[in-house]
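Visitor: I am new to this structure and would like to go through some parts of it. Could you show it to me?
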Amino acid sequence: MASDSSRPDDREARLTRLRQLTRTPVLIIGGGINGISTFRELALQGIPVVMVEKGDWCQAASGALSRMIHGGLRYLETGEFSLVKESVQERDRLLKNAPHFVAPLRTTVPIDSWGGGLMNAGKRFLRLSEKPSRRGALVIKTGLALYDTWSRRFGTMPKHQLHTKQQTQQRWPGFADWVKCSAAYYDAWIAAPERLGFELIDDTERAAAGALALNYVSVEQCDGENIILRDSFSGETFSLRPHVVVNATGAWIDRLNGTLSPTLPEQKLIGGTKGSHLILRSPELLQMLDGEMVYYENQEGRVCIMFPWYGNVLVGSTDIRVDNPDDVVCEADEKTYILQSLRFVFPHLKVKDEDVLYTFSGVRPLPASDSAFNGTISRNHSLVLLPPVAGREFTTLCLVGGKWTTFRKFGEEAADRVLKLLGESRKVSTVELAIGGGRNYPNAARKPIWMHELSEEFGLTPARVSQLVARYGTRAQAMLHTMALQPDQPLQANPNWSQNEIRFLIAHEQVQTLEDLLVRRTPLAISGQLTVDLIAEINRLLAEARGWSPEQAAQHLDHTLSRLASLHGLGRLSPVAVNKETRHVSQSESEA
């Protein structure tokens with residue numbers, strides 16, 4: 001039942017393979033979910049493909065999603081029926097192919113009227129208006145009826161329900177007085193999107209010997225034929241001549257095109273918008289949600305969400321145009337906006353700034369648009385082909401837009417376009433291909449038996465086995481085999497994790513930095529579990545594996561704390577704050 005995920009990852013071996021290459025049929029630049037999907041689709045057809053990412057896998061927008069796998073209900077209003085249909089299909093495929101991370105999510109929509117919004121909805125559908133407005137029960141029910149049609153055709157989601165004011169108040173006594181009724185339907189959520197991205201890469205490299213994926217490798221320059229790549233750690237450069245370049249850099253697409261063709265006129269393809277989210281510690285709200293999501297409209301008619309997240313609550317999001325996608329953060333006014341929107345639905349809920357445990361932001365790679373309202377810009381994906389020209393001898397295929405939910409379909413379309421350019425044909429379909437720890441995942445009847453067998457085989461408590469299966473799916477079995485090779489100890493700062501578990505992630509999952517571990521290979525950061533002691537303890541394990549000196553380890557720790565403070569609102573973990581606290585403790589001890 002286990003996948004073979006016990007093979008150690010060797011970055012130096014990867015770099016050696018890159019050194020030995022002078023040409024490649026396809027170079028994918030950008031390791032977000034759409035680049036990863038294209039990598040998978042091409043490699044499985046037998047195409048030797050190289051993928052590089054300047055940071056870590058799913059580090060930017062692909063790690064800043066709302067954690068929803070959804071059909072895009074609101075896109076019906078703008079007539080994007082094909083996008084909604086495709087999204088529902090891909091949602092249900094993920095429920096089957098990645099059951100270890102993707103699960104159904106019951107969703108409630110609070111509504112302020114029965115017939116409101118009909119005229120404005122009609123105007124938006126006919127492109128006569130872009131301005132957002134509130135939607136009544138009839139508009140929402142019409143959309144949900146269409147949603148049900150596709151959901152029932154391609155999956156097994158229950159039909160939507162419309163609830164009266166009395167029924168709504170019984171279930172949601174904390175709703176504001178303006179809520180006159182509500183609708184309930186099902187979508188899905190994803191527990192570990194960044195891990196799923198890595199598992200797609202890992203699966204692909206095991207299945208296709210010619211596939212090579214390297215994180216922390218950036219594009220330095222291009223002479224029209226050869227692209228110079230640079231390793232972020234050693235500074236070593238590599239020259240590679242591709243036949244086709246896939247530009248999957250999302251919000252950085254235009255910037256990369258300028259690097260690849262510095263003498264050509266700029267073609268603006270991207271008009272990204274920033275989305276920010278908060279993780280709140282609110283036991284009262286968590287209890288009210290009781291496992292459901294609330295999908296609501298704020299005062300101005302903009303759609304927002306909230307749902308349980310690792311014992312806390314995820315709330316979002318904003319939609320702000322940005323020109324520079326580098327290191328976007330959730331600003332103070334965005335935090336205020338999100339909390340005000342939350343209070344619009346739950347006016348009696350008391351949420352303070354200090355209840356915000358974590359923030360995250362990303363730039364949606366939306367197509368360039370002159371729309372006055374960001375919410376009306378299409379979330380659909382498209383391919384833009386830039387043929388060879390004087391000064392750029394290779395073809396460039398740009399992946400514009402896209403939703404996390406539809407990554408498989410977008411990657412399939414991109415790969416088919418590349419295959420046509422190469423004169424090749426498709427051999428393998430990924431429609432029913434299980435992903436990572438979702439491979440051979442047991443059904444509800446078989447799962448307790450399998451977990452009991454793991455508990456007996458490795459001498460672990462059922463609770464510990466349950467933890468690992470929840471985190472890694474069937475990949476937990478191979479992890480357990482490796483972890484059992486040496487004595488293990490729980491982490492002192494968080495006994496729900498162990499030293500060998502962290503060592504396994506470092507050794508097998510292309511972990512290069514402490515941030516990779518805390519933010520993307522584990523949910524420790526986004527679940528609000530980080531403490532200075534825990535970060536320092538995991539940093540010591542990483543330093544041990546990498547052979548760092550004490551000075552290197554300390555420098556890396558400070559750098560990570562600074563980034564967590566600036567990018568995720570964890571100011572209490574900044575080096576300055578930590579040093580102040582350390583000095584305060586030392587002074588108190590000396591006085592004692």
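Visitor: Which residues of strand 14 point one way, and which the other way?
Guide: In this predicted model, Asn312, Leu314 and Gly316 point one way from strand 14, while Val313 and Val315 point the other way. Residues on both sides are buried.

Visitor: How many residues of strand 14 are buried?
Guide: Strand 14, residues 312-316, is mostly covered, with 5 of its 5 residues buried.

Visitor: What pairs with strand 14?
Guide: Strand 11 (residues 273-280) runs antiparallel to strand 14 and is joined to it by 4 bridges. Strand 13 (residues 303-309) also pairs with strand 14 in the antiparallel sense, over 5 bridges.

Visitor: Which residue takes a positive phi in the hairpin of strand 13 and strand 14?
Guide: That is Tyr310, with a phi near 50 degrees; the hairpin has 2 residues between the strands.

Visitor: Changing topic: is His348 buried or exposed?
Guide: His348 is exposed, because its relative accessible area is 64%, over the 50% cut-off. His348 lies in the loop between helix 10 (332-345) and strand 16 (356-364).

Visitor: How far is the C-alpha atom of His348 from that of Ala176?
Guide: The two C-alpha atoms are separated by 8.2 Å, although the residues are 172 apart along the chain.

Visitor: Why does Cys58 count as buried?
Guide: Cys58 counts as buried because its relative accessibility is 2%, under the 20% cut-off.

Visitor: How many disulfides does the structure hold?
Guide: The structure holds 0 disulfides.

Technical notes. Residues numbered from 1 in each chain as written. Predicted model: local features only at pLDDT ≥ 70, side-chain atom pairs only at ≥ 80, totals over all residues. Heavy atoms only, no water. Disulfide = S-S within 2.5 Å. Buried < 20%, exposed > 50% of the residue type's maximum accessible area, 1.4 Å probe, protein only. Pairing = 2+ DSSP bridges.
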